[in-house]
Amino acid sequence: MRNDSPYTPLLNNGSHNNNRNKEIHLIVFGFLLLASLITFSGYIASNNNVVSVVPHADVSFSDEVTKTNTVVSRGVSAGVSEKSNMFLSAAGGNKVVGESESFPWNNTMLSWQRTAFHFQPEKNWMNDPNGPMYYKGWYHFFYQYNPNGAVWGDIVWGHAVSRDMIHWLHLPLAMVADQWYDSNGVWTGSATLLPDGQVIMLYTGSTNESVQVQNLAYPADLNDPLLVDWIKYPSNPVLVPPPGILPKDFRDPTTAWLTSEGKWRITIGSKLNKTGIALVYDTVDFKTYERKENLLNAVPGTGMWECVDFFPVSKKSENGLDTSFKGDDVKHVMKVSLDDDRHDYYALGTYDEKKVQFIADDLKNDVGIGLRYDYGIFYASKTFYDQKKDRRVLWGWIGESDSEYADVAKGWASVQSIPRIVKLDKKTGSNLLQWPVAEVESLRLKSDEFKNLKVKPGAVVSLDIETATQLDIIAEFEIDKEALEKTAESNVEYECSTSGGASKRGALGPFGLYVLADGDLSEYTPVYFYVVKGSNGKLKTSICSDQSRSSLANDVHKQIYGSVVPVLEGEKLSLRILVDHSIVESFAQGGRTCITSRVYPTRAIYGAAKLFIFNNAIETNVTASLKVWQMNSAFIRPYHPDQKR
Amino acid sequence: MTNFKPLALTIIFCFFVSSHCTIIIPKNNNGNLIQQTCKQTPNYAICIQYLKSDPRSSDADITGLALIMVDIIKSKANTTLNKINQLIKKKQEPSQKEALNSCAGRYKAILVADVPKSVAALKQGDPKFAEDGSNDAAVEATTCENGFKGKSPLSNENIAMHDVAAITAAIVKQLL
């Protein structure tokens, strides 16, 4: 048969092609119908709030009602953050009764706030300490810095050097955000000094897509003791978030330590849901890494672990240990900064290198749920081994607790703690001791000594010293033995933060010192002990730093910080306080418990600031002996080439 | 045409199945996330109101919702600052003027400090600084309000700012 017309009717069986066409058309039509139905259903569903892919959760409306006529804080239970709560309770109260300073922050007050001997850049914002180390005769300190303002942002690495960790000289920025892998932030990192003399810096970069990656950098010239210039490894990043870890949960690599296999090991904090974890990597060259399967540690409910630190401490010696130290008579310390509550926690424990595991001695007080380095403002801390003086030194970022308005007005924000040596408390075996490095004592000028002052219940005594804004105070207190015996036992658990502060009198406390106080006591900051005789006759002592009356200003934190401090048989209560304008660092029982606070008085400044000793205990006298040094300035300033020192 | 029947039946079958099958369809419905997020803030109703009024909320994750709230802080601060400047121009008692000038400084701080740092923190992946920024915005508003000895002409604005800031901080907290 021959087809004369170009189009053969479809019914023609002989045309295989046309049959196929028909099938195809119908199938396509069918799928289009299907597709349009799917799309239509999707459209309907997306407008329907009830249908859901997620297991149906309770969607009942909260019946919380705003009180629109008051500015009263609803409290932590209603979800209002502690931080805004603490301002409001002070502000609200002061509006009605009592003195208040509604428009503080003139230049006199603000310029007084700058510290004299704590590290801070000349202006702008600073946060985490980075890469501290000792190299070729100089202590190096790097830090998170915003070159553009007094708030966090545009973060780069600042740099300073010192011969003694007290007199700092500012150097040019070490690293800026000039690569795709750190364009959104040159974030925190740590230094590792290799035995062959190399200096390795590992740091977190926030990439141009805000992914957190780890990068390698090293000095441009190892012969420059000032290590001014730094080179970023051309093939950065060396680590990216591994599978299962979110791109914004991977930061702050530690100093590396040697394994028995001769590899270098680091740990990096992260989280899985609400469990804080520490990832572990081994490397030979700091360029390629092998992820270890085990987590160094994990603690549920603690959230993201920032600025993890991991190091050995000696059980026998008073000296520090190199991070790679292996031997007997060693305990390991693991430390984390909790993103959730801005506090630094540590735990003592043992490290199993083969299993890649840190096990806390006391699991109930594992990292994030137990001891803190400091019960005030102290975060993102980092230690390093100082090979010059064979000690381990701790740096901590001390942020502001005033308003952003004041920070912008004064043009800077944040200081660093005075570097502290860290060692195991051999007497308790269950905590660390921290103590300001001895070099701070080189700032001591004239001193005043007060021996065996007997302070009666209710007494507040002014101590006659020259000025009171730059001080090093070492004090000892004793309660009357008879009072201790007579006092009734109590099962009160004293908690600094909810105690009501130094004005709430108890049988055996509070007593201590008022720092940054004005003559009228309209502003004062008590640092005090509070002793409770427990139900078995055992004494429990707390050390607190009370901001509630520290300033007449309404926009500063008014919290009371502190904690219980172990006091052993036969020990007197001892307290060291460094006062340096708007920072007060307190150390109880040789550094068993530390509290750093920021204080912003409006009147107790310059010559008007005074020091008092007080005893608000009801049932006991307090006998106190103290020595108070005036402290010189550290004259922290930019480095000049013809600098000798 | 014998090959066609099973295929046609299959397609017709799918047709009927899919007409009942809304569950397998991927959703672009963010209502549940908004509700869950707002339940963990101090003011569910206001939170829902603000987020739903912004079209970006329909496909935002929690970071996106927080950024929307920071934007609201910014626009409210701008509006309030304009009002403050208007009030300052009018004749005022000295104490009122002092309070207004202080408020201007406070709201400026929200705009130049709190908002930029919160946006950067959320975008760059270190949200705790956005929590700080939001909390501070509440403080600045409260401090402004407390500066007035008599009646405050900015009560509504200060209360609104405080509420929005508290909600923002609570949303950011969910990212930590």
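**Salt bridges and confidence**

Mentor: Let us start within one helix: A:Asp407 and A:Lys410 both belong to helix H4 (residues 404–410) of chain A and sit three residues apart, about one turn of the helix. Please bear in mind that this is a predicted model.

Trainee: How far apart are the closest N and O atoms of A:Asp407 and A:Lys410?
Mentor: The closest N and O atoms are 3.6 Å apart, and A:Asp407 forms a salt bridge with A:Lys410.

Trainee: Is A:Asp407 buried or exposed, and what of A:Lys410?
Mentor: A:Asp407 has a relative accessible area of 4%, so it is buried. A:Lys410 counts as buried too, because its relative accessibility is 13% and the cut-off for buried is under 20%.

Trainee: Which residue pairs with A:Arg420?
Mentor: A:Arg420 forms a salt bridge with A:Asp374, with 3.1 Å between the closest N and O atoms. This pair links distant parts of the chain, 46 residues apart: A:Arg420 is in strand E22 (residues 420–424) of chain A, and A:Asp374 is in the loop between strand E17 (357–360) and strand E18 (379–386).

Trainee: What is the relative accessible area of A:Arg420, and of A:Asp374?
Mentor: For A:Arg420 the value is 0%, which means that this residue is buried. A:Asp374 is buried as well, with a value of 1%.

Trainee: What does A:Lys540 pair with?
Mentor: A:Lys540 forms a salt bridge with A:Glu493, and the closest N and O atoms are 3.3 Å apart. A:Lys540 lies in strand E29 (residues 539–546) of chain A and A:Glu493 in the loop between helix H5 (481–486) and strand E27 (508–517), so the pair ties together parts that are 47 residues apart in sequence. A:Lys540 counts as partly exposed at 41% relative accessibility, whereas A:Glu493 counts as exposed at 59%.

Trainee: Which residues are linked in a network of salt bridges?
Mentor: A:Glu261, A:Lys263, A:Arg265, A:Asp282, A:Glu290 and A:Lys292 are linked in such a network. Over all chains, the count comes to 51 salt bridges.

Trainee: Changing topic, what is the mean pLDDT of chain A?
Mentor: The mean is 89, and 84% of the residues of chain A reach 70 or more.

Trainee: Where does pLDDT stay under 50?
Mentor: One such stretch is residues 1–15 of chain A, for which the model has five contacts beyond four places in sequence. The pLDDT is also below 50 over residues 44–97 of chain A, a stretch with 82 contacts in the model beyond near neighbours in sequence.

Key
Residues numbered from 1 in each chain as written. Chains lettered and ligands numbered in written order. Predicted model: local features only at pLDDT ≥ 70, side-chain atom pairs only at ≥ 80, totals over all residues. Heavy atoms only, no water. Salt bridge = Lys/Arg side-chain N within 4 Å of Asp/Glu carboxyl O. Helix = DSSP H or I, 4+ residues; strand = E, 2+ residues; numbered from the N terminus. Buried < 20%, exposed > 50% of the residue type's maximum accessible area, 1.4 Å probe, protein only. pLDDT = per-residue confidence, 0-100. Contact = heavy atoms within 4.5 Å.
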